[in-house]
Amino acid sequence: MSNAPQIRIPATYLRGGTSKGVFFRLQDLPEPCQVPGAARDKLFMRIIGSPDPYSAHIDGMGGATSSTSKCVILSASSQPDHDVDYLYGQVSIDSAFVDWSGNCGNLSTGAGAFAIHAGLVDQSRIPENGVCAVRIWQANIQKTIIAHVPISNGQVQETGDFELDGVTFPAAEIVLEFLDPSDEGEEGGSMFPTGNLVDELDVPGIGNFKATMITAGIPTVFVNAEDIGYQGTELREDINSDPVQLARFEQIRIAGALRMGLISTPEDAIKRQHTPKIAFVSPPKSYKASSGKEVNASDVDLLVRALSMGKLHHAMMGTCAVAIGTAAAIPGTLVNLAAGGGERTAVTFGHPSGALRVGAEAQQVAGDWQVTKAIMSRSARILMEGWVRVPADTF
């Protein structure tokens with residue numbers, strides 16, 4: 001048995017959008033964890049409480065969901081004309097693995113607010129009252145995000161009256177701009193990796209489905225709800241309580257990942273749980289959200305349900321919302337057709353917790369679709385700050 005003492009590491013527990021994560025300044029991490037590698041992964045797994053065969057995260061800061069098993073590192077930016085570098089790690093709940101393959105759009109909101117709190121934004125750029133445009137370099141996907149953070153009396157304003165479905169209490173609105181989000185960075189490639197707006201996706205042992213596969217915000221595989229036996233009004237318990245259906249979704253996700261060139265073999269998917277996402281869409285229908293709130297068909301353009309880390313998300317991942325807004329802006333995709341077709345610059349979509357509006361600016365250049373910007377509003381709030389503690393022999 002180990003009797004190593006615990007060490008403490010400065011940290012901030014922060015909600016961003018409909019997610020929560022443990023935020024760190026790079027210089028506050030133990031020296032072996034200031035660079036990518038096994039030591040950093042072991043530290044983050046121990047902080048979150050993974051791998052956990054009980055799927056409860058009792059002995060860690062995680063919440064045993066994809067929305068709450070996250071860690072973030074911020075540092076002064078290495079890029080010109082940016083304030084901070086933002087690196088995101090999605091910690092697996094039940095396996096010894098941290099996925100660095102994508103961004104968290106929800107915690108991008110928190111990255112902007114935390115950057116100011118942590119003293120990583122030049123004081124001369126922060127107004128006494130107004131809005132600070134924090135220029136974020138998203139290091140996982142090599143993209144720029146601008147977070148428009150409200151400032152009151154020289155400090156981040158966290159309270160307000162902006163309501164976000166999936167978050168219990170109102171807060172101050174933060175507008176996010178995802179610039180040129182249509183490429184996954186290190187892997188390169190087209191916004192539509194297969195070259196098609198809609199493909200026939202063959203899933204061995206499952207069937208053949210129409211699919212829109214897009215890399216905007218985060219690689220996402222969209223299928224029609226009706227084609228896989230759903231209405232598009234489903235809530236978490238309708239999906240997550242059925243292991244057979246979850247396994248089917250994973251097979252669809254793997255088939256999409258292979259077609260998109262994100263993995264070489266089906267076995268590679270276990271080390272790429274965060275991307276791509278799998279989502280299903282349908283035309284507008286009225287339903288009751290998980291809070292009991294009525295969502296009327298007349299209030300939304302389409303319905304979208306998305307899975308993250310193998311489970312139906314309780315609301316919508318921010319990066320997947322970028323993919324939704326982008327695909328909706330391009331005539332002929334499954335997302336666009338579910339919304340009624342035609343040219344669009346914004347859509348409001350229904351998700352399990354309510355509705356969300358997202359905008360995107362897309363254009364066709366030399367036959368290829370490009371998106372210059374996606375925009376949506378979220379909020380962020382510090383829940384706790386101080387230190388996290390881990391046994392000294394963790395890494």
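Which cysteine sulfur is closest to the sulfur of Cys320, and how far away is it? I started my notebook there, keeping in mind that this is a predicted model.

**Entry: cysteines**

I found that the closest cysteine sulfur to that of Cys320 belongs to Cys104, at 12 Å. Cys320 has 0% relative accessibility and so counts as buried. Cys132 is also at 0% and counts as buried.

**Entry: aromatic pairs**

Next I searched the whole structure for aromatic pairs and got six. I looked up one of them, Phe24 with Phe44, which is stacked, with 5.5 Å from centre to centre and 15 degrees between the planes. Phe24 sits in strand β2 (residues 19-25) and Phe44 in helix α1 (residues 38-48), so this pair ties together parts that are 20 residues apart in sequence. Both of these phenylalanines, Phe24 and Phe44, are buried.

Phe44 and Trp100 make a tilted pair, 6.1 Å centre to centre with 40 degrees between the planes. Here the link runs from helix α1, which holds Phe44, to the loop between β5 (98-99) and α2 (105-117), which holds Trp100, and the two residues are 56 apart. Are the two partners buried or exposed? Phe44 is buried, at a relative accessible area of 0%, while Trp100 is partly exposed at 24%. I noted Phe24, Phe44 and Trp100 down as one aromatic cluster.

**Entry: charges over rings**

I turned to arginines over aromatic faces and wrote down two cases. Arg8 lies over the face of Trp387, 4.0 Å from the ring centre. Arg305 lies over the face of Tyr287, 4.5 Å from the ring centre.

**Entry: Lys277**

What surrounds Lys277, I wondered? This lysine lies in strand β13 (residues 277-282) and is buried, with a relative accessible area of 2%. Leaving out residues up to four places away in sequence, I listed what Lys277 touches, including Ile218, Val221, Leu307 and Met317. Ser308 is on that list too, and the side chains of Lys277 and Ser308 make a polar contact at 3.0 Å. I also found the backbone oxygen of His274 at 2.9 Å from a polar atom of the Lys277 side chain. Last, I checked Arg253, which is 24 residues from Lys277 along the chain; their C-alpha atoms are separated by 7.0 Å.

How values were computed
Residues are numbered from 1 along each chain as its sequence is written. This is a predicted model: local features need pLDDT of at least 70, side-chain atom pairs count only at pLDDT 80 or more; totals for chains, interfaces and linings use all residues. Side-chain values use heavy atoms; hydrogens and water are left out. Buried means under 20% relative accessible area, exposed over 50%, partly exposed in between (1.4 Å probe, protein chains only). A disulfide is a pair of cysteine sulfur atoms within 2.5 Å. Rings of Phe, Tyr and Trp (its six-membered ring) pair if their centres lie within 6.5 Å; planes under 30 degrees apart count as stacked, over 60 as edge-to-face and the rest as tilted. Helices (H or I, at least four residues) and strands (E, at least two) are DSSP runs, numbered from the N terminus. A charge sits over a ring if NZ of Lys or CZ of Arg is within 6 Å of the ring centre and within 35 degrees of the ring normal. Contact means heavy atoms within 4.5 Å. A polar contact is a pair of N or O atoms within 3.5 Å; within protein, one must be able to donate a hydrogen and the other to accept it, and residues adjacent in sequence count only if both atoms are side-chain atoms.
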